[in-house]
Structure formats: structure tokens, C-alpha cells
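Visitor: I am new to this one. Could you show me the structure and tell me how its descriptions are reached?

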Amino acid sequence: MKNFAPHPWVLPQPVLILGTYNADGTANAMNAAWGGQWDAHQIMISLGSHATSDNIKRTGEFTVAFATQKTMAAADYVGLVSGRKHPDKLVATGWNSERGRETNAPVFDCFPMTLECRMKRILDESATGFYLIADIVNIVVDENYLTADGKPDVEKMELISFDPVGNAYLALGKKVGDAFAAGKGLV
Ligand SMILES: Cc1cc2nc3c(=O)[nH]c(=O)nc-3n(C[C@H](O)[C@H](O)[C@H](O)COP(=O)(O)O)c2cc1C
């Protein structure tokens, strides 16, 4: 085994697309890998100082979509360019959005699944950002990505994951087993 110094190498990391409204009502989006489930109905995101962070503090609401192979290039782009410098940032993505059913935040139509979220708590705020805890208040799933019994079909979504070791996007693969079941033979 080889040993390495500490790095932000938790694996796998998500490719979250945070959707917010700018002060002028236009939609913005950014890429975030440092986020995840906080509690049953809450998520956590580690946010730097961005247009998105300003928007969330102003409106209290945002969306979280899961990037796919099809949206990969634009998902990377929204992580490279800031709405602070480029108010028309989203034009290059070609993404269209509608206001969420439960939140004042954009739901982009190119993602199979989107969480609508409402800010709950901000932790450890500093000049460089803050940790955001938010309630999930609605989950929107494109009907093309549902199983026959009406649940989100994650295998169909062609989601991508962020690999912080190689600075790469990886395809999320096929189902290989049943959770809370595959290990039962060893109990
Ligand atoms: C792969 C990737 C992951 C990123 N993860 C985060 C993150 O977890 N938190 C964060 O604050 N910024 C993260 N960023 C940087 C923001 O997406 C980037 O600064 C973006 O331009 C902010 O846009 P805005 O100013 O329009 O909100 C990430 C960027 C990339 C490309």
C-alpha cells in the first residue's frame, strides 16, 4: 500500500448543478462536488464565495440537479465561469428552465432529476464561503426517467460522478447488486 497526504479525495463525488435566480430574475447555475445528504430531508453543500452563494442568501431557495453524460460539457462550463463576471452565463449552455413548483429557483429541463431546496442553516461563514444546510422541499423527475412502477430510474439517467484524484468525470454504471440484501448471505 502507498500512503498520501490528506486531499479532498472522498469517492465518489457528485456533480451537482445548483440553480438560482440572480437579482435581475435571470437564471444562474454552478457546479458543486462538495455536497451530499445531511439528514433524511436535508442536504449539505460546501459553498465558496460565488454569484450562486449571493443568490441563495438573497432568495433562500435553489435547485440541485444531477449532471449527466449529455449535460457534462455545460455542467463543467458552469463550474468555470462566474455569473458575477458574466451575467449572461447560461446562454452558452442552451439550458431552459422554469420556476420550481415549490421554490423561487429554476428547474432546468435537461436534467432527469432535480431537488428543490430551501436554506435552513449556514455554518462557519467566512470571507471565503460557508456550509449550507437546506431542506429538500420537492423532487422533480422527468417522466422519461421513471420505472414501470413510477419511481426514479437512476440507471436510465446516465449520471456522472466527479473524480477529484484525476480531475475527471466518470460515468455511473450499471446496477451490480441489491443494497441491504447483497450481504445477507454473510450474516
Ligand atoms: C468539478 C467542479 C466542482 C466544483 N465544486 C464546487 C463546490 O463544491 N463548491 C464551490 O463553492 N464551488 C465549486 N466549484 C466552483 C464553482 O462551480 C465555480 O466557481 C462557478 O464559476 C461559480 O459560479 P457562480 O459565481 O456563477 O455561482 C466547482 C467547479 C467544478 C468545475
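Guide: Here is a short talk about the sheet, the helix and the surroundings of the ligand. Please keep in mind that this is a predicted model.

Visitor: What makes strand 2 and strand 3 a pair?

Guide: Two strands pair if there are at least two bridges between them. Strand 2, residues 16-21, and strand 3 have six bridges, in the antiparallel sense, so they count as a pair. One of the links joins Tyr21 to Ala27 in strand 3.

Visitor: Which strands are called edge strands, and in what order does the sheet run?

Guide: The order is 3-2-6-9-10-5-4, an open sheet of seven strands with antiparallel pairing. Strand 3 and strand 4 (35-39) are the edge strands, since each pairs on one side only. From one strand to the next, the twist averages 35°.

Visitor: How many residues surround the ligand, and which are the closest?

Guide: The shell holds 22 residues, and the closest are Trp34, Thr52, Gly79, Ser82 and Gly83. Strand 3 (27-32), strand 5 (42-48) and helix 1 (51-59) each give two or more residues to the shell. Strand 3 has the largest share, with four residues.

Visitor: What classes of residue make up the shell around the ligand?

Guide: Ten are polar, nine are nonpolar and three are charged.

Key
Residues numbered from 1 in each chain as written. Predicted model: local features only at pLDDT ≥ 70, side-chain atom pairs only at ≥ 80, totals over all residues. Near = placed C-beta within 6 Å. Nonpolar A, V, L, I, M, F, W, Y, C, P; charged D, E, K, R; others polar. Axes fitted to C-alpha atoms, helices over the stretch in contact; angles between N-to-C directions.
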